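Please read these notes with the sequence and the model open side by side. They cover a few local points for your comments.

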Amino acid sequence: MLDGSTDYDVLIVGGGNAALCAAISARRAGARVLVAEGAPRFYRGGNTRHTRNMRCAHDAATETLSGPYTEDEFFDDLLRVTGGRTDEALARMMIAESKEMLTWIVEQGVRFQPSLGGTLSLGRTNSFFLGGGRAMLNALYRTAESLGVEIVYDAEIVDLAIEGARFRSATVRHAGRDVSIRAKTFIAASGGFEANIDWLKEGWGEIAENFLIRGTPYNRGTVLRMLIDSGVMQIGDPTQCHAVAIDARAPKFDGGIITRLDCVVFGIVVNRHAERFYDEGEDVWPKRYAIWGRLVAAQPDQIAYIVFDAPSLELFMPSLFPPVEADTIGGLAEKLGLAPAALERTVAGFNAAVRPGTFDHTALDDCRTEGLEPAKTHWARRIETAPFYAYPVRPGITFTYLGVKVDRAARMVMADGEPAANMFAAGEIMAGNVLGQGYAAGIGMTIGSVFGRIAGREAARLVSSASQSPEAA
């Protein structure tokens with residue numbers, strides 16, 4: 001049972017990658033740490049449960065990475081996907097710190113496997129967890145527990161006592177009672193607000209009702225709202241998020257990565273009017289897949305359909321659900337609820353515009369369309385070989401970018417521009433500092449692990465310095 005009589009050095013709210021990295025970092029620095037995870041034990045870990053890999057800079061190939069990925073290349077990739085909407089100083093610091101994470105995270109018990117190939121194109125840039133995100137989480141929890149980190153589940157934060165820029169205590173609802181927990185420092189690692197549909201509607205309007213939430217239903221933004229209301233500086237756009245096109249048959253919450261579809265580049269994407277609306281071959285998939293959630297969100301009824309033919313069926317990782325299949329384009333349209341003549345017209349127009357080249361799904365090849373609007377600039381192949389397939393897709397929200405402002409020490413910044421006295425943040429709750437828009441595969445885990453490690457280290461350092469100088473407390 002949670003005991004309100006204990007004074008902790010560090011209280012961490014959240015239970016995913018960022019929270020565990022912070023907890024381990026703080027505990028290794030000698031701090032007494034409590035992790036309050038809002039989810040039940042089985043569902044612990046937030047969106048980390050659904051991850052597969054993380055993106056870190058490195059100077060040379062390793063046993064699990066096929067080549068170097070320099071800090072400058074990482075930053076260039078970040079600039080490209082965000083359109084420059086990033087805090088350059090924080091982003092460059094994160095990228096520099098990420099070089100150590102590949103070693104540090106292994107030292108905490110996490111194991112990597114050789115990178116996957118195929119359409120992911122991540123063998124050089126991203127390290128894949130052996131056993132996926134849940135195995136990675138279990139390793140971090142084992143290490144944290146072995147170090148003496150205290151962990152409580154089903155622990156909902158219902159109030160924060162913040163005086164000026166200083167955290168005093170948190171009220172935690174656990175086992176049917178509210179307990180006041182005091183701590184010298186506070187780290188928020190509790191995710192975004194993507195599971196709070198009403199909050200999503202504030203930015204997106206009623207169309208948010210048609211969004212699917214890929215991740216945990218426990219990320220409702222409760223702590224984020226409390227911090228902003230208590231005077232912490234807000235950063236980011238409420239409509240910006242990691243949003244991908246996922247199978248429309250996925251559950252409303254917690255469908256995870258197995259509902260994502262990696263086949264856009266192999267076919268065409270049409271809306272409910274059977275019309276194409278964007279270039280499916282704009283760039284290699286890891287750099288552009290996260291644009292498709294927003295693109296589908298802008299379509300009528302927030303639904304679209306990925307259409308392809310037999311030669312492409314085994315070129316990508318399948319979804320949890322089988323594709324819709326038919327022997328003709330018209331028959332496929334009927335199964336999808338689309339007008340057969342409209343889809344036949346769209347496919348015929350696309351096929352007529354294809355200018356064949358040398359197909360290579362791992363590079364920006366020369367297979368393109370000509371005289372078609374919108375163009376398909378790479379990987380364009382005629383859709384002509386039965387059977388024909390389609391996946392219905394909707395916007396799948398992974399996490400939101402509206403969050404709290406932090407500095408290089410992962411310390412929260414107050415609305416007046418001054419640093420908080422003893423409050424830090426890591427992970428999705430501060431991702432908007434780095435991600436103003438867009439996404440690159442694996443960068444969410446980079447943000448969580450790097451800023452989590454920093455937050456834990458700096459919180460422990462603050463506690464240590466305060467104990468040596470009582471007047472600083």
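This is a predicted model: local features need pLDDT of at least 70, side-chain atom pairs count only at pLDDT 80 or more; totals for chains, interfaces and linings use all residues.

1. Thr446 belongs to helix α11, which spans residues 443-468. Its relative accessible area is 0%, and the cut-off for buried is under 20%, so Thr446 counts as buried.

2. What does the side chain of Thr446 reach? Another is the backbone oxygen of Arg55, which lies 2.5 Å from a polar atom of the Thr446 side chain.

3. Leaving aside residues up to four places away in sequence, Thr446 is in contact with Met54, Arg55, Phe74, Met94, Ser98 and Phe451.

4. Helix α1 (residues 17-28) and helix α4 (residues 132-147) have axes that come within 10 Å and cross at roughly 25°. Because angles under 35 degrees count as roughly parallel, α1 is described as roughly parallel to α4. The crossing is left-handed.

5. On the α1 side, the contact is made by Asn17, Leu20, Cys21, Ile24, Arg27 and Arg28. They meet Met136, Leu137, Leu140, Tyr141, Thr143, Ala144 and Leu147 of α4. By class, this contact holds nine nonpolar, two polar and two charged residues.

6. Helix α6 covers residues 222-229, and its buried residues are Val223, Leu224, Met226, Leu227 and Ile228. After α6 comes Gly231, with a positive phi near 105°.

Methods. Residues are numbered from 1 along each chain as its sequence is written. Side-chain values use heavy atoms; hydrogens and water are left out. Helices (H or I, at least four residues) and strands (E, at least two) are DSSP runs, numbered from the N terminus. Buried means under 20% relative accessible area, exposed over 50%, partly exposed in between (1.4 Å probe, protein chains only). A polar contact is a pair of N or O atoms within 3.5 Å; within protein, one must be able to donate a hydrogen and the other to accept it, and residues adjacent in sequence count only if both atoms are side-chain atoms. Contact means heavy atoms within 4.5 Å. Axes are lines fitted to C-alpha atoms, for helices over the stretch in contact, and angles run from 0 to 180 degrees between N-to-C directions. Angles under 35 degrees count as roughly parallel, over 145 as roughly antiparallel, 65 to 115 as roughly perpendicular and the rest as oblique. A crossing is left-handed if the near helix is turned anticlockwise from the far one by less than a right angle, and right-handed if clockwise. Ala, Val, Leu, Ile, Met, Phe, Trp, Tyr, Cys and Pro count as nonpolar, Asp, Glu, Lys and Arg as charged, and the others, Gly among them, as polar.
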